[in-house]
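Student: Please take a close look at one of the chains, covering its backbone and the side it turns to its partner. I would like one connected account, with the cut-offs spelled out.

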Amino acid sequence: MDANQEPTVNRRPSLLYGALSLVLPGLGQAIAGQFRRGSGIFLTFIVLAGLSIWTVAQRARFPDLTLSAQIFWIVFLECAALLLFLICIRYLLNRFLIKDVSGQVFTQWGLIIFYAVAIFLIADSLLSNAGTSEELQQVYESTTVFSAAIFAVFWFWQIGDAARIGARQEIPSMGPAIASACLLIFVLGWNITQIDLPKAIEEYRDTQVILRQLIWPWEAAFEFEVVSVEATARVQAPCPEGEIGPPENEPIAGESWIIVTPTCGELSVLSLSGEFTPGTELTITGGNFTPGSEVEIFWKNPIGNPFRPRGVGETIIPIDENGEFVTNLNIPQALIPDTAVGAQIHTVVIREESTVVFTWRLSREMKLALVGMLETIMLGLMATFFGIIFAVPLSFLAARNLMSNIVSTISAITGGLLLAVAGLILAGLITGQISSLLGGLSENPILIALIGLVLVLGLGYLGWRLGSWGLATLGERAPAILSRILTAFLFALIGAAFGYALGLFFSRGIRAIILPDEVAALTEDRYAIFGAGVLGVISFIYAYRINFDGEIRIGMIIYAIVRTIMNIVRAIEPLIWALVGIIWVGPGPFAGTIALTLHTIAALGKLYSESIESIDPGPLEAIQATGGNRLQTIIYAVIPQVLPPFISFTIYRWDINVRLSTVIGLVGGGGIGFILIQWIRQFEYEAAGLAVWLIAITVSVLDYVSSEIRERFV
Amino acid sequence: MLQIENLTKIYDDGTQALTDVSFTVEEGEFLVVIGLSGSGKSTLLRCINRLVEPTEGRITWNGRDITAADQSELREIRREIGMIFQHFNLVKRSTVMTNVLSGRLGYTPPAWSLINRFRKEDRVRAMQALERVGIPDKAGNRADELSGGQQQRVGIARALMQEPKMILADEPVASLDPVLAHSILGNLERINQEDNMTVICSLHFLDLVQRYASRVIGLRDGVIVFEGDSQDIRQLSDERFKEIYGEEAERLGG
């Protein structure tokens, strides 16, 4: 657009560069020496064009990239022609008519606005007369026109850019390019997210009912009692000859009363052909009701179920100023079970619903919501608690400053690893034996798990120490070559085991994606053995030749492993963990606790380890200098320093966990979210509003409390 | 007797901090190491108790080879060598008492530390150490409530708790004003003379060196460029002085 803004000194090369960019966007810039700029323009051009065409194709009912591309380029050329026309007009105006700068700026903006309006008009007319083809109608959306129009601006800008760079070896501003790219992405984004403002405005009223209930649901929080006055009279039906039915009521002083005459009659009958025969007409007289109010007549069948009689007379009766009324009613049709033979006693009920009384009793919904809220808070608490227990030790393993100086020799690691594995297997066997003695895992799961844990940790550790010590001692006593070969051999074993696992993983995990399962399974042995062989040989050579006596920074290896695992666990959303938890232990708060605990361990582990990494190293050095061992250094130099940030992070995490647990409830993790999603699905928006309010109150109270506590510790 | 033979330290990043340093320290000496910052004083002191692992060379102390010691032996050697730091290296949030007691960790079973337990006589000894450095009334205060001079006294008390046979002091007065410097070095001198304890101390100021040292070693770029007693330091010519401190150095003190 700005190609000819200023007269150029050196015309010929500038036009050449412009022409190059006209053919291929960015080419002129690249040849003029601005290679990065040129390639950037080219890439932007490709990406934006692709995105535009793709979007247009997506929104069509029959996605066809070729068709969309054709249409896009046609519209683009139209826009470009319009733009070129405007640029020429501007050039001529500036050259011959308008000489003062403010006038030129005015024309420029005028033309920009003209361009925008023209595009809007074109888009509108295209939309209304998009030809006869249904496909064309779908593709010829206003988005096509808008994006093609912006695209034309970008195109002309980069031509002018190339020309100017070629002419003066000076870099013009990227402003118009960035602006048009942003605008284009905005237009595409508007289309892709299917934003429809007119619809939002037209259909806003539909939300009013829901919104009103959600915003002020407090009436549902308490119980309302309906105080009603009832008077009853008994009527017999059917009425065989000679029977007179139950005795008539007498007026009672001080109470509402009704008298029904006669007290014996026939029911209305609706025959199969739809013919209605009304029953015996009753006269109902009543007194001692509230003057000026209305009463309602209900009919109670012999089983005791009341219903509104229909088609047999008025059922809403006004009361006169004396508190009395008289009305007529035919005995309605009442379904009597086939087994009921003979006369039955029905009841006429007159009910005066007078007042609705507010009580301080909580409604059922409110109680449910409160229980759910409590469950949610506790869920967050428990997840935080378990998270701390696991995150604290892990965080020490994931702190670079503590781990970086832990070194070990190959022989110590080899012996340690082998005997540690042996210890683990032994622990497994012993646990199995104890388990069968105690009656199996299902009998005493916790006891056996505890024994297993202690055995695994203890024997694993013992094996590690014994193995490291054993191989190191051997290295001192035995002939050097012997211990060297032995160590290298054992190290190669470990390497081979690792390689075997990697091979299996490659075969099952990666190849299985491409190949059918059976084919992958056929060859998985070969991959595993290949992996084992390669890593075994590499480990042997490494241990034997390269780094036999040297130290391995085992601490950094552990650090890297723990960090990686924590990063992966943290990267997976708690919602996904909740799904795992639900499959594991079924829906409910326990599943939510598992999900949050896993995520909390990783998140807190990272925060903790980072605060350990930022401590003052001086006290550590001082404690080491006094002869304290690693444990003592941690207790006396690290913990006092990291306690305040640990407490602060923990409370912060608790806060987060309570918020998250409401969301986790939505997918079945228990707590208030669980109740909330059910109410939403049952369209009980008032109850849902209660839950939302409780969540909002709890979270803000918690937010305040946690920030107050944290302020005190930092 | 501490013997250092051909000590060389090259850090992982390739910095050559010490080159072939050899000297001997007799028991009861007050040895001062002088040199510009970056000359290798701190590295030298930290190599003696292996807070920094020497790259090459041998350090023997009373017949024990410190450089060859394994972890548990090293801890036993370390608890007999007290150390005082330029920035005191106290745990600021812990009480003075806990900081002093932590000097006793080398003698305390590690499992006791899990419940913060010390022997009763260690607590008595800690009070005595605080009395000896003159701040018994600060025992219950948090370490960061104390002034710089007081914090360094806590550092000395912590070192005394080790019942050391040698004290390494890494620029113990560099963060303090001159009056406090004299008071802290006076403390060290008293310990040196009363207990006949070996003190190896790195210092910046020449007048402090002249006042307290019984022997002096000058380091420049990790090489020993000067060795003598305090008399020699007094008679140091400007040329020798510049050899230690570099061309741009000016003589400040006495």
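Tutor: Let us begin with Asn6(B), which counts as partly exposed because its relative accessibility is 42%; by this scale, buried means under 20% relative accessible area, exposed over 50% and partly exposed in between, with a 1.4 Å probe and protein chains only. This is a predicted model, in which local features need pLDDT of at least 70 and side-chain atom pairs count only at pLDDT 80 or more, while totals for chains, interfaces and linings use all residues. Residues are numbered from 1 along each chain as its sequence is written, chains are lettered from A and ligands numbered from 1 in the order in which they are written, and side-chain values use heavy atoms, leaving out hydrogens and water.

Asn6(B) belongs to strand β1 (residues 2-10) of chain B, where helices (H or I, at least four residues) and strands (E, at least two) are DSSP runs numbered from the N terminus. Although Asn6(B) is not a glycine, its phi is positive, at about 50 degrees. Most residues other than glycine have a negative phi. Arg50(B), also not a glycine, has a positive phi near 55 degrees, but its place is in the loop between α1 (41-48) and β4 (56-61) of chain B, and at 8% relative accessibility Arg50(B) counts as buried.

Turning to the partner, 30 residues of chain B are in contact with 19 residues of chain A, contact meaning heavy atoms within 4.5 Å. The area buried between the two chains is about 2000 Å², with 60% of it given by carbon and sulfur atoms; buried area is the accessible area (1.4 Å probe) that two parts lose on being put together, summed over both. On the chain B side, Val91(B), Arg93(B) and Leu105(B) lose the most area to chain A, together 25% of what that side buries.

Across this interface the rule finds 2 salt bridges, each a side-chain nitrogen of Lys or Arg within 4 Å of a carboxyl oxygen of Asp or Glu. Lys92(B) meets Asp616(A) in a salt bridge, at 3.9 Å from N to O. Among the elements of chain B, α2 (71-78), β6 (81-84) and α4 (110-113) each supply at least two residues of the side that touches chain A. By class, that side has 11 nonpolar, 11 polar and 8 charged residues, where Ala, Val, Leu, Ile, Met, Phe, Trp, Tyr, Cys and Pro count as nonpolar, Asp, Glu, Lys and Arg as charged, and the others, Gly among them, as polar.
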